[in-house]
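The stops below go from one selection to the next.

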Amino acid sequence: MGTPILIAVLAASLLVIQGAGAEERHGDRERARAALERGEVAPLAQAIAKVQSLYTGDVVETEIESEHGRFYYEIKLLTPEGRVLKLVLDARTLEIVKVKGRPGRDGRRK
């Protein structure tokens, strides 16, 4: 008798936690959209164009994150050598602030 109740309580708790995470992600998207409309962040297309002007490869994933009141684009790129690069750009200035992974010989454009 005690085990089914415990399982039900744990399952309900998990749903509440997952729901809270979904609401938080939705709020992040709304803040990012509002920042774009106010001109506080550059459009994602410009961020992708910047990355593609500097590195060869295919964009495989993009995200926008907020940290310490600033927005950052995270763009994952698959290089011709099969390496994955994660580039972090300031979403306002499009300055590349971090590159994770190794571009290899063909990753960075000349």
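**First stop: E40**

Select E40 and show what lies around it: apart from neighbours within four places in sequence, E40 is in contact with A35 and R92, contact meaning heavy atoms within 4.5 Å. This is a predicted model, in which local features need pLDDT of at least 70 and side-chain atom pairs count only at pLDDT 80 or more, while totals for chains, interfaces and linings use all residues. Residues are numbered from 1 along each chain as its sequence is written, and side-chain values use heavy atoms, with hydrogens and water left out.

E40 sits in the loop between α1 (2-37) and α2 (44-54). Helices (H or I, at least four residues) and strands (E, at least two) are DSSP runs, numbered from the N terminus. With a relative accessible area of 38%, E40 is partly exposed; buried means under 20% relative accessible area, exposed over 50%, and partly exposed in between (1.4 Å probe, protein chains only).

Along the sequence E40 and T93 are 53 residues apart, yet C-alpha to C-alpha they are 9.2 Å apart in space.

R38 is exposed, with a relative accessible area of 53%. The side chains of E40 and R38 are joined by a polar contact of 2.8 Å. A polar contact is a pair of N or O atoms within 3.5 Å; within protein, one must be able to donate a hydrogen and the other to accept it, and residues adjacent in sequence count only if both atoms are side-chain atoms.

**Whole chain**

Zoom out and colour by secondary structure. The chain has three helices and four strands, and their order along the sequence is α-α-β-β-β-β-α. Of its 110 residues, 22% count as buried. Taking the contacts between residues at least 6 apart in sequence, 36% join residues at least 24 apart.

**The nonpolar core**

Select Y73, I75, L87 and L89. These are the residues with the most contacts inside the largest nonpolar core, which has 17 residues. α1, α2, β2 and β3 each supply at least two residues of this core, and the largest share, four residues, comes from β2. A nonpolar core is a set of buried Ala, Val, Leu, Ile, Met, Phe, Trp, Tyr and Cys residues joined through side-chain atoms within 4.5 Å.

Keep Y73 and list its contacts. Leaving aside neighbours within four places in sequence, these include V41, A42, P43, L44 and A47, and also L87, V88 and L89. L94 is in contact with Y73 as well.

**Two residues with positive phi**

Move to L94, in the loop between β3 and β4. Its phi is near 65°, a positive value in a residue other than glycine. Is L94 buried or exposed? L94 is buried, with a relative accessible area of 11%.

Next select H68, in the loop between β1 and β2. Phi of H68 is near 55°, also a positive value in a residue other than glycine. H68 counts as exposed, at 77% relative accessibility.

**D58 and its partners**

Select D58, which has its place in strand β1. At 51% relative accessibility, D58 counts as exposed. Beyond neighbours within four places in sequence, D58 is in contact with K76, L77 and L78.

Select E74 in strand β2 (residues 70-78). E74 is buried, with a relative accessible area of 18%. Among its contacts outside four places in sequence are E61, T62, E63 and K86.

Finish with the second largest pocket, lined by E65, E67, Y72, E74, K86, V88, V97, K98 and K100. A pocket is an open set of points on a 1 Å grid over the protein atoms alone where a 1.4 Å probe fits, with protein on both sides within 12 Å along at least five of seven lines; lining residues have an atom within 4 Å of a point.

Which strand supplies the largest share of the lining of the second largest pocket? The largest share, three residues, comes from β4. β1 (58-67), β2, β3 (84-90) and β4 (96-100) each supply at least two residues of that lining.
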